[in-house]
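The stops below are given in the order in which to select them.

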Amino acid sequence: MIDFHCHLDLYPDPHGVARACSDRGLYVLSVTTTPSAWSGTAALAKDSPRIRTALGLHPQLAHQRKGELPLFEQLIDETRYVGEIGLDGTPEFKRHWDDQMDVFVRALNVCRAAGGRVLSIHSRRAATAVLDAIAAKPGVGTPILHWFSGSKRELARAVDLGCWFSVGPSMLRGQKGRELAAQMPKDRLLTESDGPFAQIDGRSAWPWEAGEAVVEVGKLWDEPPEAVERQLMANLAELGRAASASADI
Ligand code: MN
């Protein structure tokens, strides 16, 4: 089972959650929201080869933490994975748009200069701007749009640009999310929880609840969960090959 976007470091007991992920054999992309959180979060995965830690600077924190961009650049050689980065166009954060754009574009430049990374990208109410930025920077690596909520037209453009997608139980509970997920290429799809931010029944989602998304994707594909799981594991392996090819670490 795969949770390709969760915030292990933000659970009340990060070590306990990381251990539970390992015990369950879960493959995890543990994303961070600031470069300064990277080393502590990477330490959670020390004894867990299936947990990979991504270096991030979240768009909602861009205006407060853009001073950490030099640290982002310094740490890029430590990992093949970058996230969470991106843009957020919701009213609360739109007023920091210039800072968001500055941080996102600089992060993409760092990825490109480093030979490419696997990127977990936030694009809430900002899909077109995110796609414009990706289109302008060939060579950043493999962009994965997490919890994509743009239009079908934007989705089609993302597919054309070579983007991958990660979908979770919360996204797949809505009709719009299901319709989008149904149009994502089967061989570029992964599951995620986005815990502890994403909620299930009014409480934080656990990483292993990404498994619920496997069942939901099965309904969209008209395939049993076992077949979906096989496809997702093949996708993860493919992504691993792409990561090794693009980054010599
Ligand atoms: Mn997130």
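A residue is called buried under 20% relative accessible area, exposed over 50% and partly exposed in between, with a 1.4 Å probe and protein chains only. This is a predicted model, in which local features need pLDDT of at least 70 and side-chain atom pairs count only at pLDDT 80 or more, while totals for chains, interfaces and linings use all residues. Residues are numbered from 1 along each chain as its sequence is written, and side-chain values use heavy atoms, with hydrogens and water left out.

First, select histidine 5, which is buried, with a relative accessible area of 0%.

Histidine 5 belongs to strand 1 (residues 2-6), whereas aspartate 194 lies 189 residues apart from it, in the loop between strand 8 (189-191) and strand 9 (199-200). Aspartate 194 is also buried, at 7% relative accessibility.

Now select strand 5 (residues 117-122). Strands (E, at least two residues) and helices (H or I, at least four) are DSSP runs numbered from the N terminus. Six of the six residues of strand 5 are buried, so the strand is largely enclosed by the rest of the structure. Arg117, Leu119 and Ile121 cover one side, and Val118, Ser120 and His122 the other.

Isoleucine 85 has isoleucine 121 as its bridge partner, and valine 118 stands opposite threonine 142.

Methods: Two strands pair if DSSP finds at least two bridges between them.
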